[in-house]
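Let's walk through this structure together, one step at a time. Keep the picture open as you read.

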Amino acid sequence: MEKNDMKKKLKLKVSAIKDGTVIDHIPAKSLFEVITILGLDTIENQITFGTNLESGKLGAKAIIKVSDKFFENDEINKIALIAPHAKLNIIRDYEVAEKKIVEIPQKITGIVKCFNPKCITNHEKITSCFSVINTSPVALKCRYCEKITAEDEIKML
Amino acid sequence: MKKDLISITDFSKEEYLRIMELAADFEKNPNQELLKGKVVASLFFEPSTRTRLSFETAINRLGGRIVGFADPDSSSATKGETLHDTIRMVSNYADIIVMRHPLEGAARYAAEVSSVPIINAGDGANQHPTQTLLDMYSILKTQGTLDDLNLFMVGDLKFGRTVHSLLQAMSVFENPIFNFIAPESLQMPRGFKHHLEERGIRYFEHEEFTDIISEADIIYMTRVQKERFSDPIEYEKVKDVYILNKAMLENTKPNVRVLHPLPRVNEIATDVDSSEKAYYFEQALNGVFTREAIISHVMNLK
């Protein structure tokens with residue numbers, strides 16, 4: 001058997017899904033944040049995940065496989081801030097039908113906390129909202145207080 | 001769609017000019033009963049006597065009636081009512097809301113919640129757009145133009161919201177030059193300099209200004225606040241460098257005018273008051289005409 005076929009077979013044995021989405025190249029430390037942001041902790045689909053897997057790029061990576069779930073781009077792009085190298089494989093009938101990469105969206109709503117302690121969003125129940133003014137390094141401008149949250153100041157809600 | 005004034009960048013250059021035109025009209029004839037039969041809510045969640053009196057004078061001159069509170073102790077905020085609920089309630093009662101709030105972004109949020117126009121009378125260290133418009137009106141009145149001006153901004157340029165907003169507003173006009181004079185620890189933030197660089201606008205940074213003051217058309221003074229310094233020795237080093245006195249104005253351009261958002265402490269010596277180049281008290285009066293103009297503009301009264 002060819003090496004690639006062998007690898008594929010081995011992978012399928014462990015975690016094959018018939019239809020759905022595989023999110024790969026998630027930094028291991030961000031796995032549970034990704035699960036929360038995508039709302040995977042509240043849906044009823046079958047989900048498998050692995051973490052602390054070897055990755056040349058990330059050191060330790062995580063992978064999530066969601067059966068019968070196909071994300072909209074803006075839905076999946078929410079994770080771009082914490083998993084900028086994430087890749088999606090769309091699986092149909094056990095085959096990779098499409099590959100996607102995440103992109104930082106123009107607006108970030110409801111997932112990031114404004115770093116400014118005097119911002120109204122940190123005092124009342126308000127959905128935070130930022131426009132992305134730079135993607136590398138990431139810089140987010142708060143819709144409300146107009147302050148810029150820099151990449152190293154980003155905290156998820 | 002209702003119109004609000006939350007951030008100075010909400011308005012276009014055409015709107016700035018429209019406000020200036022209306023302000024000039026109100027200056028000629030301050031008492032115009034455009035708000036007759038209308039109720040204005042004046043919600044000051046933090047005290048600001050100067051801004052509040054200026055707004056209330058403008059509203060009175062427009063024939064409007066005022067409801068509201070002058071400090072948060074007399075509002076339901078002390079009972080734990082959210083800003084959301086206060087604004088929802090008051091926007092049922094009044095035709096327009098003027099709001100001052102200590103938290104940044106409060107005005108933008110209020111505008112989302114309110115069914116009537118909101119005018120931001122200051123939200124923390126964020127925006128104070130009506131101050132900026134009255135500053136612009138003062139510049140226009142004294143210089144006859146908003147183009148080709150050399151603007152000196154002096155003092156706390158790091159935390160001073162008035163200079164940040166004025167920089168943003170003036171950068172839409174032709175060929176401005178900015179001179180920023182501040183101690184190293186209170187320099188103009190990077191983001192605002194980037195804003196100018198993107199537009200190809202010249203700016204210069206200095207720690208002293210005595211030798212270059214002759215180039216200025218406008219000297220916009222702000223307070224260097226002691227509490228902004230983590231090192232008191234640093235404050236002692238710079239505090240006297242930024243005191244403008246009458247002698248310093250001797251070799252300046254005849255058209256130069258000294259502006260200050262007030263209150264001043266000691267950054268403008270009192271001997272400047274008698275100089276024809278001092279303009280800060282007139283600037284405060286211009287605030288009434290400008291606020292009449294802003295109210296009329298957002299309510300489509302003129």
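A salt bridge is a side-chain nitrogen of Lys or Arg within 4 Å of a carboxyl oxygen of Asp or Glu. Here the side chains of Arg143(A) and Glu112(B) form one, at 2.5 Å from N to O. Between chain A and chain B, the count is 3 salt bridges. On the side of chain A that touches chain B, there are 5 nonpolar, 2 polar and 6 charged residues (Ala, Val, Leu, Ile, Met, Phe, Trp, Tyr, Cys and Pro count as nonpolar, Asp, Glu, Lys and Arg as charged, and the others, Gly among them, as polar).

A word on the model: it is predicted, local features need pLDDT of at least 70, side-chain atom pairs count only at pLDDT 80 or more, and totals for chains, interfaces and linings use all residues. Residues are numbered from 1 along each chain as its sequence is written, chains are lettered from A in the order in which they are written, and side-chain values use heavy atoms, with hydrogens and water left out.

How many residues does each chain bring to the contact? Chain A gives 13 residues and chain B gives 16 residues, where contact means heavy atoms within 4.5 Å. About 1200 Å² is buried between chain A and chain B, and carbon and sulfur atoms give 45% of that area. Buried area is the accessible area (1.4 Å probe) that two parts lose on being put together, summed over both.
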